[in-house]
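Please examine the sequence and the structure shown here before reading the report.

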Amino acid sequence: MITPQSSPPAAAPHAPRGDLLTLDGIGVRLGGRQVLCDVSFSLAKGEFTGIIGPNGAGKTTLLRVILGLIEPSGGRVLVDGTPLHNKNKSAIGYVPQKLVIDPDMPLRARDVVSLGLDGHKLGFAFPSRQRRELVLEALAGVGALAYADARVGELSGGEQQRVLIAHALISRPKLLLLDEPLANLDLRSEQEIVAVLGKLAREHEISVLLSAHDMNPLLGVMDKVVYVANGHAAAGPADEVVTSEGLTELYGHTVDVVRLHGRVLVVAGE
Amino acid sequence: MFSGLMLNTWIAASLVAVIAGITGYFAVLRGSTFAAHAIPNGAFAGAAGASLLGINVIWGLAVFAVGGALGIGALGDRKARHDVVTALTLVVMLGLGALFVSVSSQYAEETYALLFGEVFGVSRGELLPIGGLGIAAAVAIGVAFRPLMLTSALPEVAAARGVSTRRVELYFLIVMALATSMTVPVVGALLMFSLMIGPAAAARSVTARPGVAMALSVAIALATVWLSIALSYQTNWPLGFFVGVIGAGFYLVGLAARRVAAPRAAAG
């Protein structure tokens, strides 16, 4: 996943100590098309960062590069100061957009969380008191204890999202990656999930990186924005990145950023 | 009903039920029921080819079952294409089967037996390989239990953790193919399919606990074959009729049981 030829070691590694995740000059080509170009940003311990951008801008691609599922055509990803490999993979917890399972699947919320502990290993997971307590603790941490025994396919979108977060957290990652966790949620679930994630970052010092097409629900908790558009990305505090000038440059055409009652509206110009 | 020759029938059918209950559980869970249909039925064509060549039908079954599994697993990487690839694999194998049967001289009897089985004519010598296979299939599924679960429920997470969904799927299809190649001569291709789907589908609607559902799938498969053999023995009606109808019956009972219990009893 690392392509050293595109980034000579002398110039590249400006990963300051304490940065949990560093993306340095990441470029991605998919099917002969340049999807992302020279994306660089870093994420400190306990920092809450939103990858914001329109649909199809490459937010999911960026997450998949960090997970090691897509090989970048250039640049490098450092996790805790070292390139991604099997050992530091466990530092990353991943929450996919949604469960794609049959509602009839015989799997309870607690079983999904239990799979987060060692689901990639061979054999059975033999029940033990310790496992049981870890699972219940993880479910309690995201406020999902009430439906621990419910069939996961029958839970609502917001409830499934909590279970998936518990699944990702049980292996104690330092970094939590979430792909559009707020998509298709009602307003209340959206606020609750944002609160849960904000608490993880503040109180447990877990770095949170999530993608979203609307930044407004995140304004209260987000430390930094990585705004992705037109194959490029700009990173920094929301006030500095999301401006008419900044986004106009990023999109390559006129964009107006309007701040209204504490909300940010991004409007395409003429 | 429990005399010498019939004893072999009971034992063989019970072993097949255990194999079907275990492999069928994951076939239903993973949404691979169409592959579970295609592999035994395509394997029947291999048996026709083997009898044409004058070699043991087991070899023809094994080659076609595993070949079919490889075809489905290797070409069908995306969910959207999976059904089409499975169908095409089945169509090719059935086409070859039609050719083999038309060229071959001994048609009706043997073909009928491969499709519907010869449960009432199992010899003692056939029990050992089926028993060995039953243990092998159970071990193969047990060894991969967690990856099978993880890739069924969270394929993207599995990939991020270094578990290849595609490799796990291929592994599972090959286990299913090997299970099939030994069981088809006993219960037939159509029965194997019925036994894999009905009990597993019933079990998963009754309980949400993954381990319990698997055990229940085996138990219902056993109940289905035992009831079917007894009824078939008494009435002289074909075994396949009873297995199919009782399997589906269990599913409907399971569904009704779940409807009666609150749909989300545990929540709240």
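This is a predicted model: local features need pLDDT of at least 70, side-chain atom pairs count only at pLDDT 80 or more; totals for chains, interfaces and linings use all residues.

Residues are numbered from 1 along each chain as its sequence is written, while chains are lettered from A and ligands numbered from 1 in the order in which they are written.

Chain B gives 32 residues to the contact and chain A gives 31 residues; two residues are in contact if their C-beta atoms, placed from the backbone, lie within 7 Å. On the side of chain B that touches chain A, α7(B) provides the largest share, 6 residues. The table sorts that side by class.

| Class (definition) | Residues on the side of chain B |
|---|---|
| Nonpolar (Ala, Val, Leu, Ile, Met, Phe, Trp, Tyr, Cys and Pro) | 20 residues |
| Polar (the others, Gly among them) | 6 residues |

Helices (H or I, at least four residues) and strands (E, at least two) are DSSP runs, numbered from the N terminus. Helix α4 of chain A covers residues 157-169. Of its 13 residues, 11 are buried, so α4(A) is largely enclosed by the rest of the structure. A residue is buried if 20 or more other C-beta atoms, placed from the backbone, lie within 10 Å of its own, exposed if 12 or fewer, and partly exposed in between. The buried residues of α4(A) pack against elements of chain A including β6 (92-95) and α5 (187-204).

B:Ala230 belongs to helix α11 of chain B. This residue, B:Ala230, counts as partly exposed because it has 13 C-beta neighbours inside 10 Å.

Notes:
The expected span of a helix is 1.5 Å times one less than its number of residues.
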